[in-house]
Amino acid sequence: IVETLADVSANGIKPKFSGDLPGAIGSICRLHADINELIVRAALEGSFDLFVEALCLDPSSGGADFSELADLARDLVEANREYLPRFFSHSG
């Protein structure tokens, strides 16, 4: 999430603390943050299983055939091979 309240002046941008997001919107934002955290961990560790887990948890995968998500993950990792060396630095 990159949106926030802020004061903007000649001295720069100073974010304003607005507290926790309430109710359902807070839950949705936490879910997306958790999914993004899993994706980053998957990339840093080269963990295909974590990446598939993140895809399964992502609400935008809700209409997907979950049996095909591992194939999608393989295609995505392969298409971005140059940026994801840890997926290819070990066997498995």
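1. In this predicted model, Ser61 has a relative accessibility of 8% and therefore counts as buried, the cut-off being under 20%. Ser61 lies in the loop between H2 and H3, and, once its neighbours within four places in sequence are left aside, Ser61 is in contact with Leu55, Phe66 and Leu69.

2. The crossing of H2 and H3 is right-handed. On the H2 side the contact is made by Phe48, Phe51, Val52, Leu55 and Cys56, and on the H3 side by Leu69, Ala70, Leu72, Ala73, Arg74, Leu76 and Val77. By class, this contact of H2 with H3 comprises 11 nonpolar residues, no polar residues and 1 charged residue.

3. Arg74, listed in the contact between H2 and H3, also has a side chain that meets the side chain of Asp71 in a salt bridge, with an N to O distance of 3.5 Å. Because Arg74 and Asp71 are 3 residues apart in helix H3, they are separated by about one helical turn. Arg74 counts as partly exposed at 44% relative accessibility, and Asp71 counts as partly exposed at 43%.

4. The whole structure holds 4 salt bridges, among them the pair Asp7 and Lys16, whose side chains meet at 3.5 Å, N to O. Asp7 is partly exposed at 41% relative accessibility, and Lys16 is partly exposed at 41%.

5. A salt bridge also joins Arg81 to Glu78, with the closest N and O atoms 3.1 Å apart. Arg81 counts as partly exposed at 40% relative accessibility, and Glu78 counts as partly exposed at 43%.

Conventions: Residues numbered from 1 in each chain as written. Predicted model: local features only at pLDDT ≥ 70, side-chain atom pairs only at ≥ 80, totals over all residues. Heavy atoms only, no water. Left-handed = near helix turned anticlockwise from the far one by under 90°. Helix = DSSP H or I, 4+ residues; strand = E, 2+ residues; numbered from the N terminus. Contact = heavy atoms within 4.5 Å. Nonpolar A, V, L, I, M, F, W, Y, C, P; charged D, E, K, R; others polar. Buried < 20%, exposed > 50% of the residue type's maximum accessible area, 1.4 Å probe, protein only.
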